[in-house]
Amino acid sequence: MDIPARFEEIRDRMDQALDRAGRDTASVKLVAVTKTRSVEEMSQAVEAGATDVGENKIQEAEAKKPAFDAPVRWHLVGHLQKNKAKKAVEIIDVIHSVDSAAIGQRIDRLAAEQDKVQSVLVQVDLAGEETKHGLPEDQLLPTLEQLDKCSHLSVDGLMVLPPFFDDAEEVRPYFRRLRELSSEGQQRGLLGSELSMGMSHDFEVAIEEGATLVRVGTALFGPRAAKASGTEQVVR
Ligand SMILES: *Cc1c(COP(=O)(O)O)cnc(C)c1O
């Protein structure tokens with residue numbers, strides 16, 4: 001299957017999941033995760049209908065952006081290092097990975113300098129995984145309260161990168177928990193309604209649980225090969 005055919009298939013599966021959940025077709029967006037993909041592959045995805053692209057490294061977004069002139073929204077889905085925040089504010093539309101008040105406040109300052117209101121999501125670590133980025137659940141509300149004072153941040157929602165399970169059903173509780181946290185934040189007026197959750201192998205479950213942004217890479221572009229090694233090693 002080529003990229004347009006895979007795009008169609010994913011869109012169909014998204015629509016079916018929306019249907020099962022009684023949700024409107026327009027209520028979820030596919031973010032085509034383009035890390036390691038060429039500008040040519042990205043263009044094919046856009047021709048097929050992708051309106052949003054996601055990178056996990058600022059350097060890669062920065063390298064591709066001049067060569068890729070399609071009018072898409074750029075998402076940063078990977079961890080943001082402090083020293084990359086300025087570039088992120090310059091080139092990224094939605095930063096999914098704010099995981100501390102400090103990084104949020106830094107983005108706010110940089111956005112003020114650039115006369116921009118930066119759209120961000122707060123990444124929550126629901127599994128307490130040492131190796132992963134994300135704000136511990138019990139720090140979410142206090143952090144949102146601090147970010148609420150940042151006039152050049154638009155805190156539009158939450159993001160989660162849950163542990164990987166072979167059976168996508170096992171991820172469902174994480175998605176459900178993120179939605180509960182989101183409702184709490186929204187009720188307090190601290191948060192917008194975006195929920196960035198679900199990847200290639202679990203986006204349908206995520207949509208059933210309320211995802212508004214699904215981040216899909218391999219299901220759209222095929223497996224990622226590690227460039228340095230000659231083997232068919234897949235980068236997760
Ligand atoms: C790579 C990546 C994705 C996409 O993963 P696939 O399994 O290829 O769909 C989604 N979110 C983040 C944060 C990623 O780094």
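Here is the tour, stop by stop.

**Before you click.** This is a predicted model, where local features need pLDDT of at least 70, side-chain atom pairs count only at pLDDT 80 or more, and totals for chains, interfaces and linings use all residues. Numbering starts from 1 along each chain as its sequence is written, and side-chain values use heavy atoms, with hydrogens and water left out.

**Stop 1: strand β1.** Select residues 29–33, which form strand β1. Strands here are DSSP E runs of at least two residues, and helices are H or I runs of at least four, numbered from the N terminus. Four of the five residues in β1 are buried, so the rest of the structure largely encloses it. (Buried means under 20% relative accessible area with a 1.4 Å probe, counting protein chains only.)

Strands count as paired when DSSP finds at least two bridges between them. Look for lysine 29, whose bridge partner in β9 is leucine 213.

Next, bring in residues 52–55, strand β2, which pairs with β1 in the parallel sense over three bridges. Here valine 33 stands opposite glycine 54. To follow the chain from β1 to β2, show helix α2 (residues 39–48); this β-α-β crossover is right-handed. (With the strands pointing away from you, the path from the first strand over the helix to the second runs clockwise.)

**Stop 2: the ligand.** Which residues are around the ligand? Select Val33, Lys35, Val77, Met199, Ser200, Arg215, Val216, Gly217, Thr218 and Arg224; each has a heavy atom within 4 Å of the ligand.

Zoom in on the polar contacts (pairs of N or O atoms within 3.5 Å):

- Serine 200 puts a polar side-chain atom 2.5 Å from a ligand oxygen atom.
- Threonine 218 has a polar backbone atom 2.8 Å from an oxygen atom of the ligand.
- Arginine 224 has a side-chain N or O atom 2.9 Å from an oxygen atom of the ligand.

On its own the ligand has 390 Å² of accessible area, and the protein covers 93% of it (Shrake-Rupley method, 1.4 Å probe).

**Stop 3: strand β7.** Select residues 153–160, where six of the eight residues are buried. Strand β5 (residues 118–125) pairs with β7 in the parallel sense over seven bridges; glutamine 123 has methionine 159 as its bridge partner in β7. Finish with strand β8 (residues 194–196), parallel to β7 over three bridges, where leucine 195 partners leucine 158.

Note on methods:
Buried < 20%, exposed > 50% of the residue type's maximum accessible area, 1.4 Å probe, protein only. Polar contact = N/O pair within 3.5 Å; in protein donor to acceptor, adjacent residues only side chain to side chain.
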